[in-house]
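Hi there,

I am passing on the structure we talked about, and I hope you enjoy looking through it. Please open it alongside this note.

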Amino acid sequence: MTGPRIPIAPDGRLLFGGDYNPEQWPEEVWTEDVRLVKEAGVTSVTLGVFSWAKLEPRPGAREFGWLDRLMDLMHAHGIGVVLATPTSAPPPWLGRLHPETLPRDENGQTVWWGSRQQFAHSSSVYRRFAAAITEDLAQRYGHHPALRMWHINNEYCTFDYGDEAARAFRDWLRRRYRTLDAVNEAWGTAFWSQHVETWEDVIPPRRAQYMRNPTQVLDFRRFTSDALLECFVAERDIVRRHSPAHIPVTTNFMPFWTGQDAWTWARQEDVVSVDMYPDPRDPLGGQYNAMIGDMTRGQAGGAPWMVMEQAAGPVNWRGVNHPKPHGLNRLWSLQSVARGADAICYFQWRQSRQGAEKFHSGMVDHAGEEGRVFAEVKRIGAELALLEGEVAGTGVTADVAVLHDWESWWAGSQDGRPSTHVVYEDVVRTWHRGLWEAGLTADFAHPEHDLSGYRVVVVPQLYLLSDAAVDNLLAYARGGGSVVCGFFSGVADSDDRVRAGGMDARLRELFGIRTVHEWWPLDPGQTVDCGEFTGSLWSEELTAAPDAEVVAAYRGGELDGLPAVLRRGSARYLSTLPEPSALRTLLADVAAEAGVRPPLSGLPAGVEAVRRGDVLFLLHHGTGDVVVELPSDEGPLRDLLTGTEHSGSVPLGRYGVVALRAARGGDRAA
Ligand code: GAL
């Protein structure tokens, strides 16, 4: 566990609902909403996410009447409320009267009101107004019987390069380094005459003539994540002061988003929540959804987590916004439950008719209750009610950990590196895909987390590894764990300084690498022949230590005969990115050797098996019909969604899902 966790479902009921923006609608519509909410089995709605101007139309004014009526209305109908602080959407008057609350971009341009999230995180005026509205909101509703959870702000994501941010950045640096000498040392300012002589010389990495100092950029990213986190913590502490201890506090992460170090953030939350928007047209959208689930579960320390937002149909921010084909919303919702979610929520309840998101779907879309989207939403609501008694509060067992770290991502994604075609997110996703296709359930973990509970640790790419992380990995390997590590890892220390020899010496020893001579990144579309497979993106000129085994070697070209995959004991290093089928096979072999068994083997392509608590979920990501063989040593298994008992095998149709557990004497017949 990474922090104190408060159950999402203390009453054993999974949360099902969505952002409700009733201020966009006349009150007559609220009555219809209540009817439909109940029809859909929605258990909670999120109120107030962007309601600051409605609550405080003028500085210091308070208009709570409409929210009083809504809170009471929800309570009267047994609907819970996830209540948001409105601080991600300051009203226009705040920017007009206090321009210093508006962030500046890298070019010094003001980010104006007219959209949302136009707040300067380090502005003391912004923080004062945000605290004041939060205080009054919390005081008024902290003990309201409808309140289920606090939702702070929304998708914290602003960067600010303005003067107040510059001062806060200096304070942050003083705390981290204490002296300017230490800043100069860490940033390597001997390069290009960047020596800072006074604290006033230190500025955010604003637009500059050419490539900026990479450690300055890295520290600015660390600072920005921490500054936003301070905003969260300030509001969290206010709402906690006014509410009973069983009301959890969360803020919703964007999935796998670069701006926030979610490992650090998650430790400050009672519930970890995330927004999930896979592209319905992506043939691997299900794998992406699984990856975000695994990552969020990791951040929650294995505790149940929350899908705060997903789309019931199309979003409106891609180039082409495709609806979800029939059944896909259900499949991905149940997949999240299978991977540990105790809450399935959407953006948003009712599709808007005005504003920038009027073409973004809702649970009730423009077609209304007659629409296909609402029919599927009702089905999901009914099915969650069938599952909750069996799964709420339970965990997912994973023997494999995927290491991921924001600091490494930030450091490794900057200008001036060997290849701009190596995109960290894509590399991580490719490795997760290998595990997913091999049927292996994986948690995500931070490189300094305790890894002793895992049999296999996978490092897709950690360019930057702190000394503590290297120690951790070595201790894990010494304890008998298997490590599989991808290229361009262990290169830099926490200051983004390249380690002597091009890669940490102890890691080189672990993997049996004698010398790293040069990296040979590949062009888009270029591949290297590695014998049994081809590699892409990257290759390396390295030599093996005498006791290392060359599992695969490059054939032809400049690197002919040099190791593509190297192994020493149960540690392996891949100096290229194997094609997906080869990566899948390699990971499956490593897992088998380490004694890790997938929840079910021999699955047809596109079928995912995950075990949560006592329930085995089978999820079919394809549109044809398939038959899944069930383990012969288990008795009849009951599908909790239909009540049907299955022995020997189970058929799955288009986007089919079954949730199986051992049949018990007391089960009612289907
Ligand atoms: C999220 C955001 C929501 C809504 C949604 C649309 O990023 O939190 O408010 O804008 O995207 O997909």
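Predicted model: local features only at pLDDT ≥ 70, side-chain atom pairs only at ≥ 80, totals over all residues.

The ligand first. It is surrounded by Phe50, Arg116, Asn154, Glu155, Asp275, Tyr277, Glu309, Trp317, Phe347, Glu357 and His360. By type, that shell divides into four nonpolar, two polar and five charged residues. Some of these side chains come with distances to ligand oxygen atoms. For glutamate 155, a side-chain N or O atom is 2.5 Å from an oxygen atom of the ligand. Glutamate 309 has a polar side-chain atom 2.7 Å from a ligand oxygen, and for histidine 360 the distance from a side-chain N or O atom to an oxygen atom of the ligand is 2.7 Å. On its own the ligand has 310 Å² of accessible area, and the protein covers 95% of that.

Next, have a look at aspartate 496, in the loop between strand S13 (482-485) and helix H16 (505-511). Aspartate 496 is buried but has no salt bridge: the nearest side chain of opposite charge belongs to arginine 222, 8.5 Å away. What the side chain of aspartate 496 does have is a polar contact of 2.4 Å with the side chain of tyrosine 463.

Last, alanine 442 is part of strand S11 (residues 442-445). Its relative accessible area is 1%, so alanine 442 counts as buried, the cut-off being under 20%. Methionine 295 is 147 residues from alanine 442 in sequence, yet their C-alpha atoms are 8.9 Å apart in space.

Conventions: Residues numbered from 1 in each chain as written. Heavy atoms only, no water. Near = heavy atom within 4 Å. Polar contact = N/O pair within 3.5 Å; in protein donor to acceptor, adjacent residues only side chain to side chain. Areas by Shrake-Rupley, 256 points an atom, 1.4 Å probe, with all protein chains shown as cover. Nonpolar A, V, L, I, M, F, W, Y, C, P; charged D, E, K, R; others polar. Helix = DSSP H or I, 4+ residues; strand = E, 2+ residues; numbered from the N terminus. Buried < 20%, exposed > 50% of the residue type's maximum accessible area, 1.4 Å probe, protein only. Lys, Arg positive; Asp, Glu negative; His and termini not counted. Salt bridge = Lys/Arg side-chain N within 4 Å of Asp/Glu carboxyl O.
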